[in-house]
Amino acid sequence: MRLAEIDRGDTLGHRALIRFISMVSGMRLPDAARVAFYHRGFLNGTLGEWTHETMRGASFWSISERELMAALVASWNECPFCVGAHRAIAIKGMPRALADQALADYRSSLITANLKATLAFLEKMTKTPKSLGPADARAVLDAGVSRAAFEDAIAVATLFAIITRYANALAFAIPTEAEFDKAATMLLKRGYR
């Protein structure tokens with residue numbers, strides 16, 4: 001269900017701020033940012049901090065790898081907004097062809113073996129979580145992924161299990177590729193807070 005407050009803002013101050021940011025950036029402020037104004041306590045508080053720490057905090061995985069994980073979880077959850085948004089950030093730090101190859105079929109892509117093993121776990125966690133077992137986790141660890149790196153990847157998938165459903169439930173508008181690119185540049189500079 002699309003809320004009018006997402007398009008226009010829920011207060012006069014937020015409406016003015018949304019218009020100002022859109023004018024300065026030269027693009028419509030993406031719905032993810034608009035919702036952050038509307039649900040300020042949740043999205044700029046708990047979820048915002050968790051997202052920032054997960055996606056920008058210290059990790060074995062690069063920012064681009066974590067953004068690729070987010071894009072894949074979004075793909076598995078059929079969230080076109082999040083696929084586009086996180087793909088746009090991922091390709092700021094990895095070749096576009098590699099990201100697109102991984103999004104099309106990570107198993108046959110040229111990404112690292114440890115990332116492939118991790119993505120296999122995340123795919124199962126996202127699509128068929130009841131079928132996960134100790135052997136699935138062991139396969140990731142046996143591929144050379146440390147426990148800390150594994151936990152970081154699980155945090156990305158868990159976070160985007162929530163965010164993709166939120167974006168789909170609120171029917172986020174899909175920006176153009178150029179707008180996704182601009183938003184990706186802003187997210188790389190500012191993070192998710």
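**Notebook: helix packing around α5**

I started with the pair α5 and α8: E65, L68, M69, L72, V73 and W76 in α5 meet L115, T118, L119, L122, E123, T126 and K127 in α8. Contact here means heavy atoms within 4.5 Å. I sorted the residues of this contact and got eight nonpolar, two polar and three charged. For that sorting, Ala, Val, Leu, Ile, Met, Phe, Trp, Tyr, Cys and Pro count as nonpolar, Asp, Glu, Lys and Arg as charged, and the others, Gly among them, as polar.

A note on what I am working with: this is a predicted model, where local features need pLDDT of at least 70 and side-chain atom pairs count only at pLDDT 80 or more, while totals for chains, interfaces and linings use all residues. Residues are numbered from 1 along each chain as its sequence is written, and side-chain values use heavy atoms, with hydrogens and water left out.

**Geometry of α5 with α8**

I looked up the packing angle of α5 and α8, which is about 35°, with the axes 10 Å apart. The axes are lines fitted to C-alpha atoms, for helices over the stretch in contact, and angles run from 0 to 180 degrees between N-to-C directions. The crossing of α5 and α8 is right-handed; that is the term when the near helix is turned clockwise from the far one by less than a right angle, and left-handed is the anticlockwise case.

**T118, from the α8 side**

I then picked T118, which sits in helix α8 (residues 113-127). Its relative accessibility is 0%, so T118 counts as buried. The cut-offs are under 20% relative accessible area for buried, over 50% for exposed, and partly exposed in between (1.4 Å probe, protein chains only). Leaving aside residues up to four places away in sequence, I found T118 touching W61, M69, V140, V145 and A153.

Next I checked helix α5 (residues 63-76) against helix α6 (residues 80-90): their axes come within 8 Å and cross at roughly 160°. The two are therefore roughly antiparallel, a label for angles over 145 degrees, with under 35 as roughly parallel, 65 to 115 as roughly perpendicular and the rest as oblique. I noted that α5 passes α6 in a left-handed crossing. From α5, the residues S64, E67, L68, A70, A71, A74 and S75 take part, and from α6, C82, V83, H86, R87, I89 and A90. These divide into eight nonpolar, three polar and two charged.

In the loop between α5 and α6 I found E78. E78 is not a glycine, yet its phi is positive, about 55°. With 65% relative accessibility, E78 counts as exposed.

I followed α6 on to α10, where the axes come within 8 Å and cross at roughly 125°. That makes α6 oblique to α10. P80, C82 and H86 of α6 touch F160, I163, T164, A167 and N168 of α10. This contact splits into five nonpolar, three polar and no charged residues.

A171 lies in the loop between α10 (147-169) and α11 (177-190). A171 too has a positive phi without being a glycine, about 50°. I logged A171 as partly exposed, at a relative accessible area of 37%.

**Whole chain**

I counted eleven helices and zero strands, using DSSP runs numbered from the N terminus (helices H or I, at least four residues; strands E, at least two). Buried residues make up 45% of the 193 in the chain.
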